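Please open the structure in your viewer and keep the selection tool at hand. The tour moves from one selection to the next and describes what is found at each.

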Amino acid sequence: MHCPVRGCERDNWMPLARDRIIGHDLERLAFRFTMTNDGDVVHCQISDAAMDELAGMQGTESSARQAQFMSLRETIERLASELYDEAPRFKGYVVRIFTRHLGR
């Protein structure tokens, strides 16, 4: 279940469940994926810069983004879940992970 109160204890807590990989969006320079919350699909994406920073590299080719995502998937999904937990709720909200979110 989703934590209804901000600041409540969330050790090992992940309100969103793993769903589909959509893939790299070359136009937005981000990797897109979905997660679910009680059956509702939540669209998510992580910027190329954020994925590279997590991986400790720069300039990963578009063709290698899916492998990079797979190797970092648990961390990326945890970040997406934390951001979702703090986000306003409205239909069509997209969880977007940028480098500024990595120091969490």
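Begin by selecting Ile-46. Leaving aside neighbours within four places in sequence, Ile-46 is in contact with Ala-30, Phe-31, Phe-33, Met-51, Leu-54, Ile-76 and Ile-97. Please bear in mind throughout that this is a predicted model.

**The nonpolar core**

Next, select Phe-33, Ile-76 and Ile-97 together with Ile-46. These four touch the most other members of the largest nonpolar core, which has 19 residues. Strand E2 (30–37), strand E3, helix H1 (48–55), helix H2 (65–86) and strand E4 (94–97) each supply at least two residues of this core. Colour H2 separately: the largest share of the core, seven residues, comes from this helix. In soluble globular proteins, nonpolar side chains tend to be buried together.

**The largest pocket**

Now select strand E3 (residues 40–47), which gives the most to the lining of the largest pocket, with four residues. The lining includes Asp-40, Val-41, Val-42 and His-43.

**Asp-25**

Move to Asp-25, in strand E1 (residues 17–25). Is Asp-25 buried or exposed? Its relative accessibility is 11%, and the cut-off for a buried residue is under 20%, so Asp-25 counts as buried. Display its side chain and look for two partners. One is the backbone nitrogen of Glu-27, which the side chain of Asp-25 reaches at 3.0 Å. The other is the side chain of Arg-28, with which the side chain of Asp-25 makes a polar contact (3.0 Å). Not counting residues up to four places away in sequence, Asp-25 touches Ala-30 and Arg-32.

**Two loop residues**

Finally, select Leu-29 and Asp-38. Leu-29 lies in the loop between E1 and E2, and Asp-38 lies in the loop between E2 and E3. Most residues other than glycine have a negative phi. Leu-29, although not a glycine, has a positive phi of about 50°. Asp-38 is not a glycine either, and has a positive phi of about 50°.

Technical notes: Residues are numbered from 1 along each chain as its sequence is written. This is a predicted model: local features need pLDDT of at least 70, side-chain atom pairs count only at pLDDT 80 or more; totals for chains, interfaces and linings use all residues. Side-chain values use heavy atoms; hydrogens and water are left out. Buried means under 20% relative accessible area, exposed over 50%, partly exposed in between (1.4 Å probe, protein chains only). A polar contact is a pair of N or O atoms within 3.5 Å; within protein, one must be able to donate a hydrogen and the other to accept it, and residues adjacent in sequence count only if both atoms are side-chain atoms. Contact means heavy atoms within 4.5 Å. On a 1 Å grid over the protein atoms alone, a cavity is a set of points where a 1.4 Å probe fits but cannot get out, and a pocket is an open set with protein on both sides within 12 Å along at least five of seven lines; lining residues have an atom within 4 Å of a point. A nonpolar core is a set of buried Ala, Val, Leu, Ile, Met, Phe, Trp, Tyr and Cys residues joined through side-chain atoms within 4.5 Å.
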